[in-house]
Structures are given as structure tokens and as C-alpha cells.
Amino acid sequence: MDRKSTSGTCHLLGSSLISWNSKRQACVALSTTEVEYIVVGHGCAQIIWLKHQPLDYGVKLSKVPLYYDNSSAINLTKNPIQHSKTKHIEIRHHFIRDHVQKEDCDIQFVKIENQLADLFTKSLALDRFNKLRTELGILNMKNVV
């Protein structure tokens, strides 16, 4: 009713879910691309934070893949030229471009039906819910003895 989007991320180390986030946007966006661009930026920020944790153990991660389902937002992260269509996006959201250029993260397209974060942000049909839950390695407690 308030036109604010709910966005979510999930972070995997190998095939193990190590963190997830679901958040209602603080403001109404002027375009879908703006919302998606902001969300991919939040995902990148979380990746950068997670990349620093293993450094204490001498493990350095580089070019962490970030899978996203919106090609317009992905294109904005890879194109350093400020287009007229993006002038309304606050400058603080453009930090993601720097991290893509530094190769801190590698943004890759994923089909919407394979977007694992949908489990945390959307009402899903039971078969899709079960598919995503299984891909995240979350057990069905009814089947556990």
C-alpha cells in the first residue's frame, strides 16, 4: 500500500547459508531500476564486510560472485558513465561501481526462478518454496527423525 519495496539478500560460503537479510525500503523509489540498484548495492556492502572476516585467519577472498536477477541494475554497476536516467539516484548508492571495478565482487545475472533470496521476501507457491529451501540446505523438520 505504501509503494515501498521489500528486498532481501542471502549469503553463502560454499553451499552453506551464513547470513541473510530482509528489509523494507526506507523510501519510495522513482523507478524499478533505482530500487534494484540500491538493493544490489546493499548486497555488495554485505559481501565486502564478509570478505574482511576471514582475513583474521589468513584467508583472502577475491572477486566474490554476487548473483542478481535485474539486468538493468547490473548494467548500471558496470557502466561508469552517468546516464540521464540515473541522475535521481543518490550518490551514496554509486559506491558499488568502485567495488565492481576493484573486482571485490563480480555481479552475475541469475534467472528470477533461481533467485534464492526470494525465499525471504515473497509469498511463494509451495513447490517453489520447497525448491529454494532445498537449494539453501534448509531441512524440512517433518522429515527429520
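I started with the largest nonpolar core, which has 17 residues, and Val40, Leu66, Tyr68, Ile96 and Ile107 have the most contacts inside it. A nonpolar core here is a set of buried Ala, Val, Leu, Ile, Met, Phe, Trp, Tyr and Cys residues joined through side-chain atoms within 4.5 Å. Buried means under 20% relative accessible area, exposed over 50%, and partly exposed in between (1.4 Å probe, protein chains only). I looked up which elements supply at least two residues each to this core: they are α1, β3 (64-68), α2 (71-78), α3 (95-101) and β4 (105-109). The largest share, seven residues, comes from α1. Helices (H or I, at least four residues) and strands (E, at least two) are DSSP runs, numbered from the N terminus.

The model is predicted, so I noted its limits: local features need pLDDT of at least 70, side-chain atom pairs count only at pLDDT 80 or more, and totals for chains, interfaces and linings use all residues. Residues are numbered from 1 along each chain as its sequence is written, and side-chain values use heavy atoms, with hydrogens and water left out.

**Ile96 and the second core**

I listed the contacts of Ile96 (contact means heavy atoms within 4.5 Å). Not counting residues up to four places away in sequence, Ile96 touches Tyr37, Val40, Gly41, Cys44, Thr77 and Ile107. I then found a second, separate core of seven residues, which includes Cys10, Leu116, Phe120 and Leu132.

**Overall layout**

I counted five helices and four strands in the protein. From the N terminus on, the order is β-β-α-β-α-α-β-α-α. Of the 145 residues, 36% count as buried. Among contacts with a separation of 6 or more, 55% join residues 24 or more positions apart.

**α1 against α2**

I checked how α1 and α2 pack: the angle is about 60 degrees and the axes are 8 Å apart. Axes are lines fitted to C-alpha atoms, for helices over the stretch in contact, and angles run from 0 to 180 degrees between N-to-C directions. Thr33, Glu36, Tyr37 and Val40 of α1 make the contact with Ser72, Ala73, Leu76 and Thr77 of α2.

I looked at β1 (residues 6-13) and β2 (residues 16-24), which pair in the antiparallel sense over eight bridges. Two strands pair if DSSP finds at least two bridges between them. Leu13 stands opposite Ser16, and Leu12 stands opposite Leu17. Two residues lie between the strands of this hairpin, and Gly14 takes a positive phi near 70 degrees.

**Thr9**

I found Thr9 in β1. Thr9 counts as buried because its relative accessibility is 16%. Its side chain makes a polar contact with the side chain of His11 at 3.2 Å. A polar contact is a pair of N or O atoms within 3.5 Å; within protein, one must be able to donate a hydrogen and the other to accept it, and residues adjacent in sequence count only if both atoms are side-chain atoms. Leaving aside neighbours within four places in sequence, Thr9 is in contact with Trp20, Asn21, Gly43, Ala117 and Phe120. Thr9 and Val40 are 31 residues apart in sequence and 8.8 Å apart in space, C-alpha to C-alpha.

**Lys51**

I placed Lys51 in α1 (residues 32-52). Lys51 is buried, with a relative accessible area of 12%. Its side chain reaches the backbone oxygen of Asp104 at 3.2 Å, and a polar atom of that side chain lies 3.3 Å from the backbone oxygen of Leu61. Leaving aside neighbours within four places in sequence, Lys51 is in contact with Leu61, Ser62, Lys63, Val64 and Asp104.
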